[in-house]
Amino acid sequence: MAQQYSLTSRIKAGYRAFDSAQMYRNEKEVGSTILNFLSNNSQLRREDFHFTSKLASNSSYDAARTSIRRSVQQCGLGYIDLFLLHSPYGGKAARLASWKAVEDAIADGEVKTGGVSNYGVKQLQELVASKPRILPAVNQIEVHPFNTRTEITSFCQQHDIVVEAYAPLVRALRMKHPVISSLSEKYLCTPAQLLVRWSLQHDYVPLPKSVTKDRIITNGQVSGFVIDAKDMEKMDGLDEYLVTDWDPVDAD
């Protein structure tokens, strides 16, 4: 119920993109919340929402293909807008077989766009070198001023791979950092808004999370200011390779 409240609050606040995963066990709940909202709001359509899910583990082609179909059924939305390989774990053969399953799901209309998550440069190079029919459109990784991952983000941007930044708020671990506090005062914004704005100015797609209604709204209100170049450099300089979740980017 708490998650449904949060999701509904996000929709009412104007959010239209929702990040799910097999591992989160929330595909059905997210999908049903979107469908319930659509049933009561005729001005919006399924196409107005962007639903993401992810493969829990890389293994064989058949296992991955079956798992993707199950995710489509679980969410109940008819198709998945963006489907990612959740991590590079499993080894090269499993990664490439799972990617082929994503390509076929796209060909069959079950998935609109494919991508990866938590991929480092070597796994991205491996995928590009395999000459797939479809290149990944997205790499979803932890990125924020305290873990800038410049090597990975540069590779992605050089290959037209969109960087989706999860944990862009650093899971509230650095909200009181002196630089974040001073710049928030300078730009008359919250620390969370400053961090979201930093992601956007690097051309990333930030994925902020909150269960508080007011914060859900304010986190999206970042169009009223621009961080100047010197302050962006100052924030870039905060990098300490702070990992707030898992870090499989160097997996073999």
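Asp245 is partly exposed, with a relative accessible area of 46%, where buried stands for under 20% relative accessible area, exposed for over 50%, and partly exposed for what lies in between (1.4 Å probe, protein chains only). Its salt-bridge partner is Arg171, at 3.1 Å from N to O, a salt bridge being a side-chain nitrogen of Lys or Arg within 4 Å of a carboxyl oxygen of Asp or Glu. This pair links distant parts of the chain, since Arg171 sits in the loop between strand E6 (162-166) and helix H7 (178-186) and Asp245 in the segment after helix H10 (229-236), 74 residues apart; helices (H or I, at least four residues) and strands (E, at least two) are DSSP runs numbered from the N terminus. Arg171 is likewise partly exposed, at 40% relative accessibility.

The model is predicted, so that local features need pLDDT of at least 70 and side-chain atom pairs count only at pLDDT 80 or more, while totals for chains, interfaces and linings use all residues. Residues are numbered from 1 along each chain as its sequence is written, and side-chain values use heavy atoms, with hydrogens and water left out.

Lys186 and Asp231 form another salt bridge, with the closest N and O atoms 2.6 Å apart. Here helix H7, which holds Lys186, is linked to helix H10, which holds Asp231, across 45 residues of sequence. Lys186 is partly exposed at 48%, whereas Asp231 is buried at 4%.

How many salt bridges does a search of the whole structure find? The search finds 16, including one between Asp81 and Arg46 at 2.9 Å, N to O. Asp81 lies in strand E3 (residues 80-85) and Arg46 in the loop between helix H2 (27-39) and strand E2 (50-55), so the pair ties together parts that are 35 residues apart in sequence. Asp81 is buried at 9% relative accessible area, and Arg46 counts as buried at 12%. Arg46 also lies over the face of Tyr79, at 4.0 Å from the ring centre; for such a contact, NZ of Lys or CZ of Arg must be within 6 Å of the ring centre and within 35 degrees of the ring normal.

The structure also holds four aromatic pairs, that is, rings of Phe, Tyr and Trp (its six-membered ring) with centres within 6.5 Å, called stacked with planes under 30 degrees apart, edge-to-face over 60 and tilted for the rest. Among them, Phe18 and Phe49 have ring centres 6.4 Å apart and planes at 25 degrees, so the pair is stacked.
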